[in-house]
Amino acid sequence: MALLPAALRRLVLAHADLLRFVVVGGIGFCVDGGLLMLLNDLADWTPLSARAVGFPVAVTVTWWLNRVWTFSTGRSQPVRRQYALYLAIQLTGLAINFSIFALLVGAMPWFAAWPIAALAIGSVTAMFATYILSRRIAFAAKTPRA
């Protein structure tokens with residue numbers, strides 16, 4: 001970090017949780033996408049069926065990584081409550097992601113042949129909404145009751 005120019009260093013520090021969220025999202029994408037490709041290519045599952053398996057696994061992996069690494073307030077919420085909030089947020093993201101994914105795979109033969117590309121487009125679009133909601137709801141600092 002010392003080799004970065006001061007302005008870039010300040011920018012990185014100011015947005016460290018967003019950068020970590022993107023890294024964790026990349027890991028989640030690899031989990032979801034890896035299962036998609038594995039089940040679609042090797043087990044001959046449809047892309048939609050494969051996503052039904054990959055998504056919950058990726059949500060659990062990303063919740064844990066965001067809890068322990070991304071957000072400094074990550075462990076201030078009770079585990080079950082936080083996971084439930086995070087799951088609800090990710091289901092919102094899934095609605096965005098899956099709608100785009102299904103539209104692309106269903107409407108364009110190229111995306112049906114390369115569903116990982118449709119997954120990438122849906123994932124990046126949904127990431128913006130899930131970051132804001134995760135930061136403000138699931139990983140918000142727990143406020144003491146009055």
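**Exercise 1. Find the residues that make the nonpolar surface patch, and say which helix gives the most to it.**

Start with the rule: patch residues have over 30% relative accessible area and no salt bridge, and nonpolar side chains (Val, Leu, Ile, Met, Phe, Trp, Tyr) are joined within 5 Å. A salt bridge here is a side-chain nitrogen of Lys or Arg within 4 Å of a carboxyl oxygen of Asp or Glu. Areas come from the Shrake-Rupley method with a 1.4 Å probe.

Run that, and Val-23, Ile-27, Trp-64, Val-68 and Trp-69 come out as a patch of about 470 Å². Next, assign the helices, which are DSSP runs (H or I, at least four residues) numbered from the N terminus. Both α2 and α3 supply at least two residues each, but α3 gives the most, with three. Trp-64 sits in α3.

A word on the model: it's predicted, so local features need pLDDT of at least 70 and side-chain atom pairs pLDDT 80 or more, while totals for chains, interfaces and linings use all residues. Numbering runs from 1 along each chain as its sequence is written, and side-chain values use heavy atoms, with hydrogens and water left out.

**Exercise 2. Classify the ring pairs that Tyr-131 forms with Phe-21 and with Phe-71.**

You need the distance of the centres and the angle of the planes. Rings of Phe, Tyr and Trp (its six-membered ring) pair if their centres lie within 6.5 Å; planes under 30 degrees apart are stacked, over 60 edge-to-face, the rest tilted.

Take Phe-21 and Tyr-131: 5.2 Å centre to centre and 65° between the planes, hence edge-to-face. Phe-21 lies in α2 (residues 16-42) and Tyr-131 in α6 (residues 115-138), so this pair ties together parts 110 residues apart in sequence.

Now Phe-71 and Tyr-131: the centres are 6.4 Å apart and the planes at 25°, so call it stacked. Phe-71 is in the loop between α3 (47-70) and α4 (79-107), 60 residues from Tyr-131.

Finally, zoom out: Phe-21, Phe-71, Tyr-86, Tyr-131 and Phe-139 form one aromatic cluster.

**Exercise 3. Are Phe-21, Tyr-131 and Asp-44 buried or exposed?**

Buried means under 20% relative accessible area, exposed over 50%, and partly exposed in between (1.4 Å probe, protein chains only). Phe-21 has 5%, so it's buried. Tyr-131, at 10%, counts as buried too. Asp-44 has 68%, so that one is exposed.

While you're at Asp-44, check the backbone: phi is positive, about 60°, although the residue isn't a glycine. You'll find Asp-44 in the loop between α2 and α3.

How values were computed: Patches are made of residues with over 30% relative accessible area and no salt bridge: like charges are joined within 9 Å, nonpolar side chains (Val, Leu, Ile, Met, Phe, Trp, Tyr) within 5 Å.
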